[in-house]
Amino acid sequence: MKIFDCLIIGLGKVGLTYDLNKKSFLTHVKSVEFHQNFRLRGVIDSNIEKRKLFEKYYNYPTYCSVEEASINKYSLVIVAVPTNFHLKVITKVLRNIKPRVILCEKPLSYNSSDARAIVNLCKKYNVELFVNYIRRSDPSVKKIKMHLNTLKKSTVKGVCWYNKGLLHSCTHFLDLCDYWLGSLKKIKLISKKKKFGKDDYCLDFSAEFKNGEVTFLNSDKYFSHYSIELFSNLGRIRYDYEGNFVYLNKKKDSFENIEEIEKKKIIFKNEMNYSQLNVLNEIHNFLEKKKFLLCSGKDSLKNNLKIFKFLEFI
């Protein structure tokens, strides 16, 4: 069995701390250490306190820079630093390490020029770039796609509730809808945009995809849950609580009551507590030249450019 060496850059929440002392696999460090096809060869963080925290739980080399870590070769480099540092860090990785794959945390960038530069640089160095939209790798998402693929000439309508910013959080669900419903075609504003932090926005909008339309609503002031409802000839698909509760209510017959509808409900198994492990499974599939399901840097850039253009004109 071939083992692929991995380097992780960034020891923040998704890098290290989300699942400390928990049974879930929500971070890159814990998932790489556990996965049978990957070997953790080291981590990088410029913050000495974060390196000390890592060393309290794990016994792997720690580095303060990409240059220092470049003494080894790596098949996979995971970039989990703040978004504004993505271009700088990925440029250093490409020049000093040149792995087979870079997995970059979402969003790729807060602006179109950096996003383009990252994708073009990876292409120049012949390094595969994926953006870590974790939900594509979940079995419930794949089941929904399978059901939606049975629709023939039927438009899907949907509603998505999201919190935090458009780029930080909502792109998770834009990516899901892009996977489920085909490519993103057009975005139309519903409410005024409001600043979220320094580089992001909160707003309501509708998005037209190849096979449907979804209205995205920001619920930051009311309730944090993240959900998508899709309506079609299949019935109602509900992707709720960040993907931790997913089911299909089949199309209602004329005289069915609520109890009968609930009895027919199809619940889709999710593995959100193993999200980063499932992403690694897909990366392993890619490395072994098998079928894989991940968001490529090219696909992420395509949708990001549409979002940036939309934000410029509102």
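Student: Which residues do ring pairs link into a cluster?

Tutor: Phe-25, Phe-34 and Tyr-274. Bear in mind that this is a predicted model, with local features needing pLDDT of at least 70, side-chain atom pairs counting only at pLDDT 80 or more, and totals for chains, interfaces and linings using all residues. Residues are numbered from 1 along each chain as its sequence is written, and side-chain values use heavy atoms, leaving out hydrogens and water.

Student: How many aromatic pairs does a search of the whole structure find?

Tutor: It finds 12. Rings of Phe, Tyr and Trp (its six-membered ring) pair if their centres lie within 6.5 Å; planes under 30 degrees apart are stacked, over 60 edge-to-face, the rest tilted.

Student: Why is the pair of Phe-25 and Phe-34 called tilted?

Tutor: Their centres are 4.7 Å apart and their planes sit at 50 degrees, so the pair is tilted.

Student: What makes Phe-25 buried?

Tutor: Buried means under 20% relative accessible area, exposed over 50%, partly exposed in between (1.4 Å probe, protein chains only). Phe-25 has 9%, so it counts as buried. Phe-34 has 55%, so it counts as exposed.

Student: Why is the pair of Trp-180 and Tyr-239 edge-to-face?

Tutor: With centres 5.8 Å apart, the planes are at 75 degrees, so edge-to-face it is. This pair links distant parts of the chain, 59 residues apart: Trp-180 is in helix 8 and Tyr-239 in strand 14. Helices (H or I, at least four residues) and strands (E, at least two) are DSSP runs, numbered from the N terminus. Both Trp-180 and Tyr-239 are buried.
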